[in-house]
Amino acid sequence: MSADKANSAATEDLKASEVETPSSKLVRFSADEALELDSGVRLGPWQIAYETYGELNADKTNAVVVCHALTGDQYAASTNPVTGKPGWWSLMVGPGRPIDTNHYFVICANVLGGCLGTTGPASLNQKTGAPYGLDLPVVTIRDMVRAQARLLDYLEIDTLFAVIGGSMGGMQVLQWAVSYPERVFAAVPIAAAARHTSQNIAFHEVGRQAIMADPDWRAGRYIQEGVRPTKGLAVARMAAHVTYMSDESLHQKFGRNLQDREHLTFGFDADFQIESYLRHQGMTFVDRFDANSYLYVTRAMDYFDLAQEFGGSLANAFKDTRTRFCVMSFTSDWLFPTSESRQVVKALNAAAANVSFVEIESDRGHDSFLLDVPEMFQTIGGFITGAARARGLPAPGEEVETRP
Amino acid sequence: MNLSPIKTGPGEIRGDHKVVASLVPQGARVLDIGSEDGALLDLLARERQVDGRGIELSQEGVNRCVARGLSVIQGDADTDLSDYPDRAFDVVILSQTLQATREPKRVMSELLRIGKEVIVSIPNFAHWRNRAQLLFRGSMPVTKYLPYEWYDTPNIHFCSLRDFVALCHELDAKVEKAVALSGKGNKIPVNAPWWVWNIVAEQAVFLLKR
């Protein structure tokens, strides 16, 4: 066995163990405590893996739920056990950060359908003794939020000071505000939309077809059969990754630069830096993500259409809401463009809701919400501080009495 | 967009803002159109405990408002007012912005639809200095408080106080109160008929109802 293969097998074992017994916190619900899904199926037993940062105050009024995006996880501000990398939102969440863990109790859960500890297609189906694979019912964004609400019930946290997230995380934020308006004081959907557009669905379908076209996908039963559809998943990631960046940022980063060579090779090697970069993105992704999870979570996003159950009226979805919203988009994001955020703002205005909206200047595309964009931090920090004042919480920068 | 020529030092409250604040009832639901950096909304929140919202055209302005904890959206008075339901606010405020809108009459009727009361402040194009420049120099007025040349001014629909009052009548809006101000935003303490104000006031604040 080559060192590379041994390494990859070790990562695979680590990933597999994270599915059932994650390094993070975990709550298991029995079959009696099943989760009612949008598909009509009762899912149980099921489990939800989560991380927390900071301390819950005595009144339980300082809880913040962070919702992660498609390939994110519960390790928002702590080291990811599979990759060993720092949390994906360490710039946003932590002591002295915009979501200041010296003041707020932050909860981030792995989504339903995910692969790092919350029930997903790689989890063991107790009825068959094998991983669910495609036997897991299709889950929705609302199901993900339901699962998080059950976690909060378990933690005996009634209301959230804030719910915040980008991209698919932002979809969950909007769903939170609509499903549990009385539980959400402030909501921050970033680079999100109230529905997945045809173009969004199209890109996801390309990714899913790449996975399912891989002979090692084995109709979703690859775990039992001891193989992995790494090629298909890598291609899915490569295609998706392009949609997270802007033309401008690709141009600036790579241009037409060649990769470790002086001339074109007149072949199909990675001549260009961008090709090499994408291949690398694809290959590292398969080490940390499950292919079937990718199918389920992209499907959940495709099914998302917040207005649907309100007769197509988004304003009705937010009727009588008392939640304070801060909607944010990025100028160069063409996957979840500003026009989608504006639709949300328009509906919130029609519902006479309390809403702020900012379009942040950034040339780094959809991924901007994960990057170091000072204007985003400043705006969110300001919004959170203002909301804390309205909620009667001591805001960052204000004196906090600490008891021994 | 900051169209107001009135500059203040840090912590200093603008005279026209003081006048506007005095017209807003305690605890009202307020929409401030053209929030600039949020100074007026901030003042209203502090001194009148209003439930305030804002619309501001510039991203920079919006960011500054949101960062100071105000609920402000990036938007345009000409296009985005139609999103709001009828009588959604107790008070709708339009400061020093009407003359920069493309369709002032439509904007005005939207204000009167959204708000139970409307406060509008406008510069007075018929101020004697402007009249004098036009009359004696024969050129479009450029003054300390209207500092733009004709070709780069964002103010595309100027009116006099008299013109504005005529528009209010046309829209069935009742002028409940009018306060004439100097260029600096200080109240002009004269008890004079309209035609005098139309000459001596550099700007005015109106409280309207329909």
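Strand E4 (residues 46-53) of chain A is mostly covered, since seven of its eight residues are buried. A residue counts as buried if 20 or more other C-beta atoms lie within 10 Å of its own, as exposed if 12 or fewer do, and as partly exposed in between, with C-beta atoms placed from the backbone. Strands (E, at least two residues) and helices (H or I, at least four) are DSSP runs numbered from the N terminus.

E4(A) and strand E1 (residues 25-29) of chain A run antiparallel and are joined by five bridges; two strands pair if DSSP finds at least two bridges between them. A:Arg28 stands opposite A:Gln47 in E4(A). Strand E8 (residues 105-109) of chain A is also antiparallel to E4(A), with four bridges between them. In E8(A), A:Val106 is the bridge partner of A:Tyr53.

## Basis of the model

The model is predicted: local features need pLDDT of at least 70, side-chain atom pairs count only at pLDDT 80 or more, and totals for chains, interfaces and linings use all residues. Residues are numbered from 1 along each chain as its sequence is written, while chains are lettered from A and ligands numbered from 1 in the order in which they are written.

## Chain A as a whole

The secondary structure of chain A comes to eleven helices and 14 strands. Its C-alpha atoms fill a box of roughly 65 × 50 × 50 Å along the principal axes. For 404 residues, a compact globule would have a radius of gyration near 22 Å, and the 21 Å of chain A agrees with this. The radius is taken over C-alpha atoms, and the globule rule is 2.2 Å times the number of residues to the power 0.38.

Of the 404 residues of chain A, 51% count as buried. Among contacts in chain A between residues at least 6 apart in sequence, 70% join residues at least 24 apart. Two residues are in contact if their C-beta atoms, placed from the backbone, lie within 7 Å.

## The nonpolar core

In soluble globular proteins, nonpolar side chains tend to be buried together. A nonpolar core is here a set of buried Ala, Val, Leu, Ile, Met, Phe, Trp, Tyr and Cys residues joined through C-beta atoms within 7 Å. The largest such core has 170 residues, of which A:Val64 and A:Ala162 touch the most other members. Not counting residues up to four places away in sequence, A:Val64 touches A:Ile99, A:Tyr104, A:Phe105, A:Val106, A:Leu160, A:Phe161, A:Ala162 and A:Ile164.

Helix H2 (residues 141-154) of chain A has 14 residues and reaches 20 Å from its first C-alpha to its last, close to the 20 Å expected at 1.5 Å a residue. The expected span is 1.5 Å times one less than the number of residues. The buried residues of H2(A) include A:Arg142, A:Asp143, A:Val145 and A:Arg146. Just after H2(A), A:Glu156 takes a positive phi of about 60°.

A:Ser179 lies in helix H3 (residues 168-179) of chain A. This serine counts as partly exposed because it has 17 C-beta neighbours inside 10 Å. A:Ser179 touches A:Arg142 and A:Val145, not counting residues up to four places away in sequence. A:Ser179 and A:Gly392 are 213 residues apart in sequence and 24 Å apart in space, C-alpha to C-alpha.

## Chain B

Chain B has seven helices and seven strands, which follow the pattern α-β-α-β-α-β-β-α-β-α-α-β-α-β along the sequence. Its C-alpha atoms fill a box of roughly 50 × 35 × 35 Å along the principal axes. A compact globule of 210 residues would have a radius of gyration near 17 Å, and chain B agrees at 16 Å. Buried residues make up 44% of the 210 residues in chain B. Among its contacts between residues at least 6 apart in sequence, 66% join residues at least 24 apart.

B:Phe206 lies in strand E7 (residues 203-209) of chain B and is buried, with 21 other C-beta atoms within 10 Å. B:Phe206 touches B:Ile119, B:Val120, B:Val175 and B:Ala178, not counting residues up to four places away in sequence.

## The contact between the chains

The contact takes 22 residues from chain A and 16 residues from chain B. On the side of chain A that touches chain B, two or more residues each come from strand E13 (324-330), helix H10 (338-350), strand E14 (354-360) and helix H11 (374-391) of chain A. H11(A) gives the largest share of that side, eight residues.

The residues of the side of chain A that touches chain B divide into eight nonpolar, eight polar and six charged. In this division Ala, Val, Leu, Ile, Met, Phe, Trp, Tyr, Cys and Pro count as nonpolar, Asp, Glu, Lys and Arg as charged, and the others, Gly among them, as polar.
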